[in-house]
Amino acid sequence: MWWFQQGLSFLPSALVIWTAAAFIFSYIIAITLHHVDPALPYISDTGTLPPEKCLFGAMLNIAAVLCIATIYVRYKQVHALNPEENRIIRINKAGLVLGLLSCFGLSIVANFQKTDFFPVHICGAVLTFVLTSSSLLHSGNYGKDVDQKLHWNPEDKGYVLHMITTAAEWSLSFSFFGFFLTYVRDFQKISLQVEANLHGLTLYDTAPCPVNNERTRLLSRDL
């Protein structure tokens with residue numbers, strides 16, 4: 001059995017590989033078509049114009065689903081390891097909520113391009129990355145067309161801040177990848193199990209059902 005076939009380790013692995021592929025493929029297409037500059041564009045800029053925005057949006061929506069699944073499994077794992085620690089349970093629930101908000105933000109970034117729906121796009125970016133420096137760039141001090149700008153020159157006002165924010169965004173994204181990869185070993189020891197409780201012989205029965213409950217193990221490994 002390969003390492004990614006053990007337990008649920010495929011979840012964080014697939015999340016990292018799929019999301020990285022979404023970034024890289026859209027970047028390659030965008031620079032090939034001269035839609036963005038090769039030197040550190042915003043990640044979302046590489047998915048702003050067609051045809052790359054179609055690929056970018058579709059792949060990031062799938063990435064958001066993978067991220068939700070990964071975060072939920074991690075939440076259940078921590079809860080199972082600390083069933084009576086009230087403080088850890090509260091922190092774990094807070095982490096679940098923040099993680100789901102970040103996934104929602106990722107989907108917003110994927111589907112609302114900054115050149116078309118800038119306020120919505122920036123809200124999604126804040127939910128996903130919290131980039132305060134990017135908000136400073138779009139504060140109005142560096143021109144009114146910053147939200148529409150895909151090509152930058154060193155002579156442009158705000159160029160240095162632009163490079164800082166894009167470098168921070170790419171660095172933060174790949175740090176997320178590294179963080180999720182740390183889940184792989186833990187997820188190898190986790191399996192999911194579904195239990196179906198039958199309350200009738202058909203969907204319309206109200207009498208108790210004599211049929212035994214069905215428990216099906218989805219994957220082979222237990223926590």
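At 17% relative accessibility, His 35 counts as buried, where buried means under 20% relative accessible area, exposed over 50% and partly exposed in between, with a 1.4 Å probe and protein chains only. What I am presenting is a predicted model, in which local features need pLDDT of at least 70 and side-chain atom pairs count only at pLDDT 80 or more, while totals for chains, interfaces and linings use all residues. Residues are numbered from 1 along each chain as its sequence is written, and side-chain values use heavy atoms, with hydrogens and water left out.

Let me stay with His 35. The residue lies in the loop between α1 (10-32) and α2 (52-81); helices here are DSSP runs of H or I, at least four residues, and strands are runs of E, at least two, numbered from the N terminus. Beyond its neighbours within four places in sequence, His 35 has contacts that include Ala 30, Pro 50, Leu 150 and His 151, a contact being heavy atoms within 4.5 Å.

Leaving aside neighbours within four places in sequence, Trp 18 touches Met 59, Ile 62, Ala 63 and Leu 66.

Now the aromatic residues. The structure contains 12 aromatic pairs. Rings of Phe, Tyr and Trp (its six-membered ring) pair if their centres lie within 6.5 Å; planes under 30 degrees apart count as stacked, over 60 as edge-to-face and the rest as tilted. Tyr 27 and Trp 170 form an edge-to-face pair, 6.2 Å centre to centre with 80° between the planes. This pair links distant parts of the chain, since Tyr 27 is in helix α1 and Trp 170 in helix α6, 143 residues apart. Tyr 27 is partly exposed at 21%, whereas Trp 170 is buried at 13%. Both residues belong to one aromatic cluster, together with Phe 23, Phe 56, Phe 174 and Phe 177.

Helix α6 covers residues 159-181 and reaches 33 Å from its first C-alpha to its last. Its buried residues include Leu 161, Trp 170 and Phe 177.

Finally, the cysteines. How many disulfides does the structure hold? There are zero, a disulfide being a pair of cysteine sulfur atoms within 2.5 Å. Cys 54 is exposed at 53% relative accessibility, and Cys 123 is partly exposed at 48%.

Definitions and conventions: The expected span of a helix is 1.5 Å times one less than its number of residues.
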